[in-house]
Amino acid sequence: MIRHAVLFKFKPDFPADQREAWTSGLDRMRGNIPGLIALTHGPDAIRSERAFDYAIVADFESVADIEVYNTHPLHEPLKEYSFPNSEQILSVDFEIPKDTP
């Protein structure tokens, strides 16, 4: 199994309506993209100086499933919100045992 984690540092002027559309779009992906086992997301709760603003964690059966996700019709429109409204986006993909919660 592959865990895909993405961190977002948003620009201060990310419009609230676009941010809402983006998070609603994240929710729509759950259960609707082949190979996507689980998807959680949310804003930073601590707000420390080194923290990013938002995180997405998604689990996939395989690396090939991440490629499907990256170009899926439910995922593509979300890039139109996140890329122009982010100062920085970091991601990492790593293998985890299937029995990991």
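Of the contacts (heavy atoms within 4.5 Å) in the protein between residues at least 6 apart in sequence, 72% join residues at least 24 apart. The model is predicted: local features need pLDDT of at least 70, side-chain atom pairs count only at pLDDT 80 or more, and totals for chains, interfaces and linings use all residues. Residues are numbered from 1 along each chain as its sequence is written, and side-chain values use heavy atoms, with hydrogens and water left out.

**View 1. Overall fold of the protein.** Three helices and four strands are present, where helices (H or I, at least four residues) and strands (E, at least two) are DSSP runs numbered from the N terminus. Along the sequence their pattern is β-α-β-β-α-α-β. The C-alpha atoms fill a box of roughly 40 × 30 × 15 Å, taken along the principal axes. Buried residues (under 20% relative accessible area; exposed means over 50% and partly exposed in between, with a 1.4 Å probe and protein chains only) make up 34% of the 101 residues.

View 2. An unreviewed UniProt entry places the feature "domain: Stress-response A/B barrel" at residues 2-94. UniProt positions are given in the numbering used here, feature names are shortened, and annotations may be inferred rather than shown by experiment. In the model, the end C-alpha atoms of residues 2-94 lie 5 Å apart, and the span is 32% helix and 35% strand.

**View 3. The four-stranded sheet.** The sheet is open, with antiparallel pairing and the strand order β2-β3-β1-β4; two strands pair if DSSP finds at least two bridges between them. At the edges are β2 (36-43) and β4 (86-95), each of which pairs on one side only. On average, neighbouring strands are turned by 10 degrees against each other, direction ignored. Axes here are lines fitted to C-alpha atoms, for helices over the stretch in contact, and angles run from 0 to 180 degrees between N-to-C directions.

**View 4. Strand pairs and their bridge partners.** Strand β1 (residues 2-10) is joined to β4 by nine bridges, and Ile2 stands opposite Glu95 in β4. Seven bridges pair β1 with β3, where Arg3 has Asp59 as its bridge partner. Another pairing, β2 with β3, also has seven bridges, and Leu36 stands opposite Phe60 in β3. Five of the seven residues of β3 are buried.

View 5. Asp65, Ile66 and Tyr69 are buried in helix α2 (residues 63-71). They lie on the same side of α2 because they cover an arc of only 105 degrees around the axis, the arc being that of the directions from the helix axis to the C-beta atoms. Glu67 and Thr71, on the other side of α2, are exposed. The buried residues of α2 pack against β1, α1 (16-29), β3 and β4.

**View 6. Ser82 in helix α3.** Ser82 belongs to helix α3 (residues 76-82) and is buried, with a relative accessible area of 5%. Leaving aside neighbours within four places in sequence, Ser82 is in contact with Phe8, Trp22 and Ile89.

**View 7. Arg47 in a loop.** Arg47 lies in the loop between β2 and β3 (54-60). Although Arg47 is not a glycine, its phi is positive, at about 60 degrees. Arg47 counts as exposed, at 66% relative accessibility.
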